[in-house]
Amino acid sequence: MPRIKIELPETFPFSTEILIYIGHINYGHHLDNAQLMSLVSEARVRFFKFLGYTELDVEGVGIIVADVAAQYRSEAFHGETLVVSMAANDFNKYGCDLVWQLADKASGREVARGKHGIMFFDYTERKPTAVPPAFIAKAGAA
């Protein structure tokens with residue numbers, strides 16, 4: 001199976017800092033892979049807030065995560081502050097990719113990169129819906 005390779009955008013319109021707590025650490029004494037997803041989820045919530053939305057209300061519809069890919073670059077440890085950068089790209093009829101990168105704030109060392117494929121979802125109708133044009137305008141220009 002070929003290795004996953006995530007291409008990053010040249011710039012990220014959004015970044016946030018997240019401290020690594022002891023609960024994020026595994027028996028190898030570094031950031032647990034499941035906790036990595038938790039940190040990226042927190043950053044995703046902050047990204048939507050930065051755009052003026054919540055994950056359940058983007059111009060009247062919500063989002064769901066359709067797929068996830070991650071590429072680990074180095075270990076991260078308890079007490080480090082990670083800078084999580086995020087951008088929306090690769091828009092299609094129902095969604096887009098949220099591309100992200102985690103780096104240690106102090107050293108700049110890249111910890112991980114990846115993407116979440118999101119789909120817009122009408123929770124009332126329980127079905128996928130088109131990407132709101134206002135989201136494309138905000139996220140694409142952010």
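Is K127 buried, exposed or partly exposed? With a relative accessible area of 46%, K127 is partly exposed; here buried means under 20% relative accessible area, exposed means over 50%, and partly exposed lies in between, using a 1.4 Å probe and protein chains only.

## About the model

Welcome! This is a predicted model, in which local features need pLDDT of at least 70, side-chain atom pairs count only at pLDDT 80 or more, and totals for chains, interfaces and linings use all residues. Residues are numbered from 1 along each chain as its sequence is written, and side-chain values use heavy atoms, with hydrogens and water left out.

## The overall fold

Let us start with the chain as a whole. The chain holds two helices and six strands, and reading along the sequence gives the order β-α-β-β-β-β-β-α. The chain has a radius of gyration of 15 Å, close to the 14 Å from the globule rule for 142 residues, so it is as compact as a globular protein of that length. Helices (H or I, at least four residues) and strands (E, at least two) are DSSP runs, numbered from the N terminus. The radius of gyration is taken over C-alpha atoms, and the globule rule is 2.2 Å times the number of residues to the power 0.38.

Along the principal axes, the C-alpha atoms fill a box of roughly 45 × 35 × 30 Å. Of contacts between residues at least 6 apart in sequence, 67% join residues at least 24 apart, where a contact means heavy atoms within 4.5 Å.

## Surface and charge

How much of the chain is buried? Buried residues account for 40% of the 142 residues. The accessible surface is about 7900 Å², and 53% of this surface belongs to carbon and sulfur atoms; these areas come from the Shrake-Rupley method with a 1.4 Å probe, and for residues only the protein chains shown count as cover.

The chain carries 14 positive and 17 negative charges, and their mean positions are 2 Å apart. Lys and Arg count as positive and Asp and Glu as negative, while His and the chain ends are not counted. Each charge is placed at NZ of Lys, CZ of Arg, CG of Asp or CD of Glu.

## Salt bridges

Side chains of opposite charge can pair when their charged atoms come close. A salt bridge is counted when a side-chain nitrogen of Lys or Arg is within 4 Å of a carboxyl oxygen of Asp or Glu, and this rule gives eight salt bridges. One of them joins K105 and E17, with an N to O distance of 3.1 Å. K105 sits in the loop between β4 (95-104) and β5 (110-122) and E17 in strand β1 (residues 14-19), so this pair ties together parts that are 88 residues apart in sequence. K105 is partly exposed at 47% relative accessibility, and E17 is partly exposed at 42%.

Another salt bridge pairs R44 with E55 at 2.4 Å, N to O. This pair links distant parts of the chain, with R44 in helix α1 (residues 33-50) and E55 in the loop between α1 and β2 (62-72), 11 residues apart. R44 is buried, with a relative accessible area of 9%. R109 and D104 also form a salt bridge, their closest N and O atoms being 3.8 Å apart; R109 is partly exposed at 27%, whereas D104 is buried at 6%.

## A buried histidine

Which residues does H116 touch, leaving aside its neighbours within four places in sequence? H116 is in contact with M37, V40, R44, V65, D67, V68, C96, D97, L98 and W100, once those neighbours are set aside. H116 lies in strand β5 and is buried, at 4% relative accessibility.

K127 belongs to strand β6 (residues 127-128). Apart from neighbours within four places in sequence, K127 is in contact with F121 and D122.

D90, which is not a glycine, has a positive phi near 50 degrees; D90 is in the loop between β3 (81-89) and β4 and is exposed at 55%. R126, also not a glycine, has a positive phi of about 60 degrees. R126 is in the loop between β5 and β6, and its relative accessible area of 56% makes R126 exposed.
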